[in-house]
Amino acid sequence: MFKVSPLRKRQFLGGILGLVLGITMFYVFTLDAAEQYVSIGPMNTGHEELSCVTCHADAKGNLLQQIQSNMSHAVGAREHSVDFGTQDVTVDNCLQCHDRPNDRHPTYRFSEPRFSDAIKEIDATTCITCHSEHHGERVSVASINYCMNCHQDLSVENDPLDVPHVTLIANEQWTTCIQCHDFHGNHRYEVPVAMKDTIPLKLIDGYFKGGEDPFGTDKKYTALSELEWLKQFEDK
Amino acid sequence: MKNVINIMLVAFALVLNSCGGVPEEKSETVGSENVFSVEEVLEMVAKENDVTRTLYTKAIVGKGKLQGMKFDEDWRKDNVEAGPLPALFLRGVATSIRKSPVPLGLYLGSDFPVNAANKFEGKQADLFKQIKKDQKPQFFYDEEQKLHTAMFADLASADACVTCHNNHPQTTKSDWKLGDVMGATTWQYPKDSLSYKETVEVLSSYAKGTVDIYMEYLDEVAAFKESEKPEIGNKWPEEGNYLPSAEVFLDSVKKLSSYETMKHLVVAK
């Protein structure tokens with residue numbers, strides 16, 4: 001049908017080989033069985049059993065449609081671009097399983113203007129600031145002194161703690177907060193009234209890294225499993 | 001060879017184009033004529049909020065307390081059998097809105113809040129000083145969040161507001177009077193103007209939020225173990241140990257607020 005110049009033979013064969021390899025890799029890496037090899041790191045604690053699609057939903061349309069839409073957007077023929085391959089993972093994805101009415105620090109609250117300085121320090125409007133995925137841990141903040149960004153003026157009436165909260169704050173002992181109070185307030189447990197009874201930082205650190213939960217296992221709400229999450233869509 | 005490449009390129013372009021693009025979102029293409037400014041819409045929904053909160057505070061909390069019903073800031077705790085205080089009722093509405101696809105933000109704050117975490121700071125604190133003087137809404141564009149923002153006075157509209165805040169153990173001000181500007185609601189929306197459809201969606205998401213938090217309260221009542229359970233139906237606490245059902249409650253809100261809202265919607269239509 002067509003002749004390949006002997007001078008271009010190597011380039012031609014290379015091109016064919018590249019195409020075949022590319023298609024094969026695309027096929028193999030999009031198989032369910034290959035998920036663990038595609039993942040950029042181990043799933044965080046509690047997420048080990050989740051499949052990719054739980055968070056990385058397919059983007060709308062097929063690949064060709066997505067290419068066409070984005071090319072149209074690039075040349076100004078379309079108002080909005082579209083996700084390519086998979087949809088962006090957002091807070092809404094997290095909340096589909098982790099939404100709780102009793103969350104004492106829900107992400108949406110931090111969009112209010114008065115938190116603008118605080119979120120420059122720690123962007124609490126999004127889950128991944130503290131719970132970066134694919135690291136095989138629970139909490140990924142660099143330091144656990146984050147309460148200082150909002151609670152500098154805290155004072156507790158009839159303070160039950162042997163070292164008053166105002167003293168801890170004046171001494172900038174911000175790592176002590178988490179030794180009594182879990183950030184999202186979902187554990188049922190007796191809050192200590194003596195500093196000696198608070199949870200040691202070492203245990204907190206281990207918990208953040210994915211270890212045992214020092215606040216206990218009695219929780220008011222538990223996150224949905226993948227099956228329960230799927231069931232939500234069946235019911236709709 | 002050149003021909004082959006050209007043919008392949010044309011074929012690729014044809015295949016690519018024949019798929020058609022991913023359809024634009026319907027809400028972006030249908031009813032896109034924007035008929036309301038964001039200020040108008042936020043004023044409408046803030047008005048609905050005023051009516052709802054006043055009704056809840058006066059008719060449920062105020063009258064309910066006279067019947068021995070309890071309302072508590074820790075109402076969600078397992079060992080507390082109570083309903084949400086008005087500020088937490090609003091928080092519940094805000095949470096429900098956040099779960100909806102409508103990008104509306106709602107917050108409550110004050111210069112003398114019971115909970116220090118609700119104290120205004122920065123721009124909001126400055127604007128709140130003006131609101132306290134003239135009770136007029138304040139609008140601004142939040143550059144950092146890229147959100148159009150409005151603040152509306154939150155008045156002490158019922159005795160229950162004044163007595164609870166003055167007597168609260170954590171209060172930072174104990175001389176509140178009826179009619180005082182106790183705080184302000186802050187509302188945010190990403191667009192500067194809204195279509196008729198988007199406006200109705202904003203109003204609906206607020207109404208749904210009201211029902212959601214009120215239903216949560218009724219669920220809490222249903223789970224009471226030690227406290228006497230009010231009867232839920234058509235009657236209100238002023239008649240005895242009764243609570244209106246969610247439908248009855250929402251109907252009353254609609255009766256009180258729908259004329260004003262409808263007037264705006266019809267004129268624009």
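At what angle do helix α3 (residues 38–66) of chain B and α7(B) pack, and how far apart are their axes? In this predicted model, the two helices pack at an angle of about 20°, and their axes lie 10 Å apart. Because angles under 35 degrees count as roughly parallel, α3(B) and α7(B) are roughly parallel to each other. The crossing in which α3(B) passes α7(B) is right-handed. On the α3(B) side the contact is made by V41(B), M44(B), V45(B), E48(B), N49(B) and T52(B), and on the α7(B) side by T199(B), V202(B), L203(B), Y206(B) and T210(B). By class, the residues of this contact comprise 6 nonpolar, 4 polar and 1 charged.

Helix α7 (residues 196–222) of chain B also meets helix α4 (residues 86–99) of chain B, where the axes come within 8 Å and cross at roughly 120°. That angle makes α4(B) oblique to α7(B). This crossing, too, is described as right-handed. From α4(B), the residues F89(B), G92(B), V93(B), S96(B) and I97(B) take part in the contact. From α7(B), the contributors are S205(B), Y206(B), K208(B), G209(B), T210(B), D212(B), I213(B) and E216(B). The contact of α4(B) with α7(B) divides into 5 nonpolar, 5 polar and 3 charged residues. Y206(B) and T210(B) of α7(B) take part in the contact with α3(B) and also in the contact with α4(B).

P101(B) counts as exposed because 8 other C-beta atoms lie within 10 Å. P101(B) and S205(B) are separated by 104 residues in sequence, yet their C-alpha atoms are 8.7 Å apart in space. S205(B) is itself one of the α7(B) residues in the contact with α4(B).

Four strands form an open sheet in the order β4-β7-β6-β5, with antiparallel pairing. β4 and β5 (138–142) of chain B stand at the edges with a single partner strand each, so one side of each has no neighbour in the sheet. On average, and with direction ignored, neighbouring strands are turned by 25° against each other. Helix α3(B) lies across β5, β6 (147–155) and β7 of chain B and runs at about 135° to β7(B).

The partner of β4(B) is strand β7 (residues 181–189) of chain B, which runs antiparallel to β4(B) and is joined to β4(B) by 5 bridges. Within this pair, L106(B) stands opposite W187(B), and G105(B) stands opposite Q188(B).

Q135(B) has a positive phi of about 60° although it is not a glycine. The position of Q135(B) is in the loop between α5 (122–134) and β5 of chain B. With 13 C-beta neighbours inside 10 Å, Q135(B) counts as partly exposed. In chain A, H134(A) has a positive phi of about 70°, again without being a glycine. H134(A) is located in the loop between α5 (116–121) and α6 (165–170) of chain A. H134(A) counts as exposed, because it has 12 C-beta neighbours inside 10 Å.

The last topic is the contact between the two chains. Here, 31 residues of chain A are in contact with 35 residues of chain B. Which element of chain A gives the most to the side that touches chain B? Helix α3 (residues 63–74) of chain A does, with 7 residues. By class, this side of chain A has 10 nonpolar, 12 polar and 9 charged residues.

Note on methods:
Residues numbered from 1 in each chain as written. Chains lettered and ligands numbered in written order. Predicted model: local features only at pLDDT ≥ 70, side-chain atom pairs only at ≥ 80, totals over all residues. Pairing = 2+ DSSP bridges. Axes fitted to C-alpha atoms, helices over the stretch in contact; angles between N-to-C directions. Parallel < 35°, antiparallel > 145°, perpendicular 65-115°, else oblique. Left-handed = near helix turned anticlockwise from the far one by under 90°. Contact = placed C-beta atoms within 7 Å. Nonpolar A, V, L, I, M, F, W, Y, C, P; charged D, E, K, R; others polar. Buried ≥ 20, exposed ≤ 12 C-beta atoms within 10 Å, placed from the backbone.
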